[in-house]
Amino acid sequence: MPSKTHRLLGAALALAAFGAAPQVHAQAAAERFCNPDASGASLRLGELDYAACAGTMPISDREGARQADLFYTAYFARTAHRETRPIAFIWNGGPGADSRLLQFHALGPRTLRGSALADNPNSPLPAADLVFLDPAGTGFSRATSPEAAKKLYATKADSEATAAFILTFLRNQGRQGAPVYLVGESFGTWRAASVAEILIDKSQSVAGIALVSGGIPMGEERDRAFTRALTLPNRTATALALGKLDPALSASPAGTLAAAEKWARDVWYPALSHPETLDDAARARVLAGLARYTGLPPAAIDAKTLWVSPRDFRTKLLAGEGKTLGVFDMRRTAPPADEKAGDAAILDFYRKTLGYGQGHYAGIEVPELPVGNDWQYDQSPITKESLARAMAGEGPPSPSQPWVLRAMEKAPALRVLVATGLYDSLNGCAANRQAASDFPKALAERISPHCYRGGHMMYEEPAEAVQFTKDLSAFFRNSHSEEK
């Protein structure tokens, strides 16, 4: 991929410094937690002692041929009964993104404050051990050959490799009986959902999956017009934040968002479903409603289809000012901050703190590999229509599979957390809430949708970072208690 921004590696999270630097204890203490071939150190987060481990794991195909060495960073709290302590496997998306965002901006016990690493008091490490995985071709992970890379840079093989990694990791750590969680961001939600099904099919129980900024992988949309209509509240919230709506609507933002959603359900959805049935007067009323709730002038809206794609909204709302809204946070129009900020601290953490001396970090020490450009979306066919939707900002170039539904049907205790940013152009809070409620009732009760006042990386907002990690910690603890 051409830059970190395109791989969802945005600007560093700016928070006030907290506490002192973690204490590094004897290497021998970490060795009791890390795999024999991993590097590591014993550290402390507040009153919690933990081991940080960095290593690679060989992954082979079904014929036994070695395909890749996958790099991971694991954090183990030094607590009793660790064999039954929850363990979460975490990754970002892209495809082609390493785990830096979720690890060093949100969930790890040490996160970036500007260009330096500091203790993260919001880390969910007290609730679960954390294992951050870099897929093949990212971070220190590498395929063993160009042929292996071609195979692994694909949705199906990537999921199989990830499942193989998790099964081996659990076995090596003696954690097969621990509550297992899968956390994926953006495209990583596909990996989380598909891997959950694979693990369940291989008799490895999964306690929960957390889907961050990627919606709920459900396969081909059953009612695309409805999903599209329910993206309106995100656009309304953005227009409010940018001062592009009638001042009367700004007086009660919560009321305006509720009104926008109701209008989307009652008026825009039927119009999107059958625009050809509208007469001129009805069409004009829909255009006026869209202008009211999006801030777009009626002339900027396609009067034939009445659809405003994510790309159209981002490029047209502030077109008069020569500005384009951000993909990941529509409130932002300025270029991202220095994308290299923090890279030196991250590399120093691996090389010096953990003593990891192998390989070269793609995107820091050497150029990024073309994982995203070479990706094969082989889970479903790419059609002319699906490719057009992707070009308009409506997700990947082919649909997912209904992995979440199948996994939940196979695992009656499996729970799902869905996290969405209100200002994300790639997701919709109302749309994801509706998608969750569309599951059969017994399954819908096990899905918890959350909406945060942030963008795709909602944890870049200090207040939302606290709530996001609090919700994730509660999710780990809640499912763990129910399993027991």
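**Disulfides, a pocket and confidence**

Numbering the bonded cysteines of the protein chain in sequence order gives the pairing 1-2, 3-4.

Me: Before that, what kind of model is this, and how are residues numbered?
Reply: This is a predicted model, where local features need pLDDT of at least 70, side-chain atom pairs count only at pLDDT 80 or more, and totals for chains, interfaces and linings use all residues. Residues are numbered from 1 along each chain as its sequence is written, and side-chain values use heavy atoms, with hydrogens and water left out.

Me: What is the average pLDDT of the protein chain?
Reply: The average is 91, and 92% of the residues score at least 70. pLDDT is the predictor's confidence in each residue, from 0 to 100.

Me: Where does pLDDT stay under 50?
Reply: Over residues 1-26, for which the model has 71 contacts beyond four places in sequence. The pLDDT is also below 50 over residues 480-484, a stretch with 7 contacts beyond near neighbours in sequence. Contact means heavy atoms within 4.5 Å.

Me: Back to the cysteines. How many disulfides are there?
Reply: The structure holds 2 disulfides, a disulfide being a pair of cysteine sulfur atoms within 2.5 Å. One joins Cys34 to Cys53, with S to S 1.9 Å.

Me: Which parts does the pair of Cys34 and Cys53 tie together?
Reply: Cys34 lies in the loop between α1 (27-31) and β1 (39-45) and Cys53 lies in strand β2 (residues 48-60), so the pair ties together parts that are 19 residues apart in sequence. Helices (H or I, at least four residues) and strands (E, at least two) are DSSP runs, numbered from the N terminus.

Me: Left-handed or right-handed? And are Cys34 and Cys53 buried or exposed?
Reply: The link of Cys34 and Cys53 is left-handed, with -85° about the S-S bond. Cys34 and Cys53 are both buried. Buried means under 20% relative accessible area, exposed over 50%, and partly exposed in between (1.4 Å probe, protein chains only).

Me: What about Cys429 and Cys451?
Reply: A disulfide joins Cys429 to Cys451, S to S 2.0 Å, and their link is right-handed, with 75° about the S-S bond. The pair links distant parts of the chain, 22 residues apart: Cys429 is in helix α15 (residues 429-437) and Cys451 is in strand β12 (residues 447-452). Cys429 is buried at a relative accessible area of 9%, while Cys451 is partly exposed at 43%.

Me: New topic. What volume does the second largest pocket have?
Reply: About 300 Å³. On a 1 Å grid over the protein atoms alone, a pocket is an open set of points where a 1.4 Å probe fits, with protein on both sides within 12 Å along at least five of seven lines; lining residues have an atom within 4 Å of a point. Grid points are joined across faces, edges and corners, and the volume is the space filled by probe spheres set on the points.

Me: What lines the second largest pocket?
Reply: 14 residues, of which Ser60, Asp61, Arg62, Glu160 and Ala161 lie nearest its centre. The largest share of the lining, 6 residues, comes from α4.

Me: And Gln204, where is that?
Reply: Gln204 is in the loop between α5 (188-201) and β10 (208-212). Gln204 is buried, with a relative accessible area of 7%. Not counting residues up to four places away in sequence, Gln204 touches Leu167, Leu170, Gln176, Val180 and Leu199.
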